[in-house]
Amino acid sequence: MAHILYLEDDRVIREVVCEYLLLQDYEVDLAVDGQEDLVTLTQNKYDVAILDIMVPFVSGLEVLEVITQTQPQCATIMLTALGDESNQLEAFNRLADDYIIKPFSPLVLLKRIEAVLRRTRNKPELTNGLEVRQENFQVYYNQQAMTLTYLGLDQASRETMLDQIDFG
């Protein structure tokens, strides 16, 4: 089953969500502040990270950025009381997969976890640091967006290059 990292500083919310996750047979690691979350990230690989934004020491947005750099295969769901547009846009700009505003339904959270797992488990692996994101027609090398220009490649070179890329 999926391995989930859950960052939440509110004890009641953390315990309720954790119970729902465990009932679904998810393996869950808990963190109560961003600093603890960063340490946990270095010790394990995760399928999903559920992150509150307003937590002590290191914000959930900063943790999100570390996850996208170190564990790009990990889906991320922001679970926060911050419902304003600017925070949502900031999270999506930092490559969050979903954004849920508190108060929320734990059952809906479970369905959103299922949805991001479906999408991310079908995601092609990186090939030598190269990733093609068809949804926005962008190419990334080692998580950095690349600017591409047209090169007049001969047919053999073009086929060799295209063989290296998994278009999903």
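Q: Which residues are on the covered face of strand β6, and which on the uncovered one?
A: In strand β6 (residues 130-133), Glu131 and Arg133 make up the covered face, while Leu130 and Val132 are on the uncovered one. Helices and strands here are DSSP runs numbered from the N terminus, with at least four residues (H or I) for a helix and at least two (E) for a strand. Keep in mind that this is a predicted model: local features need pLDDT of at least 70, side-chain atom pairs count only at pLDDT 80 or more, and totals for chains, interfaces and linings use all residues. Residues are numbered from 1 along each chain as its sequence is written, and side-chain values use heavy atoms, leaving out hydrogens and water.

Q: OK, and in what sense do β6 and β7 pair?
A: Antiparallel: β6 and strand β7 (residues 138-141) share four bridges, where pairing takes at least two DSSP bridges between the strands. Within that pair, Leu130 has Tyr141 of β7 opposite.

Q: Switching to the inside, which residues touch the most other members of the largest nonpolar core?
A: Those are Leu51, Val63, Ile67 and Met78, out of 20 residues in that core. A nonpolar core is a set of buried Ala, Val, Leu, Ile, Met, Phe, Trp, Tyr and Cys residues joined through side-chain atoms within 4.5 Å. Buried means under 20% relative accessible area, exposed over 50%, and partly exposed in between, with a 1.4 Å probe and protein chains only.

Q: Which element gives the most to this core?
A: α3 does, with four residues. At least two residues each come from β1 (3-7), β3 and α3.

Q: And what does Val63 touch?
A: Leaving aside residues up to four places away in sequence, Val63 has contacts with Leu7, Gly34, Asp37, Leu38, Leu41, Leu51 and Val58. Contact means heavy atoms within 4.5 Å. Apart from this core lies another, of 19 residues, with Cys18, Leu21, Val28 and Val48 among them.

Q: How about Thr80, buried or exposed?
A: Thr80 counts as buried because its relative accessible area is 0%. You'll find Thr80 in strand β4 (residues 75-80). Its contacts, again not counting residues up to four places away in sequence, are Asp52, Ile53, Tyr99, Ile100, Ile101 and Lys102.

Q: Now the backbone. What is the phi of Phe57?
A: It's positive, about 75°, and Phe57 is not a glycine. Most residues other than glycine have a negative phi, and most peptide bonds are trans. Phe57 sits in the loop between β3 (48-51) and α3 (60-70), and its relative accessible area of 68% is why it counts as exposed.

Q: And the phi of Leu95?
A: Also positive, about 80°, and Leu95 is not a glycine either. Leu95 belongs to the loop between α4 (85-93) and β5. Its relative accessibility is 37%, so Leu95 counts as partly exposed.

Q: Where is the cis peptide bond?
A: Between Lys102 and Pro103, with omega about 0°. Pro103 lies in the loop between β5 (98-101) and α5 (106-121).
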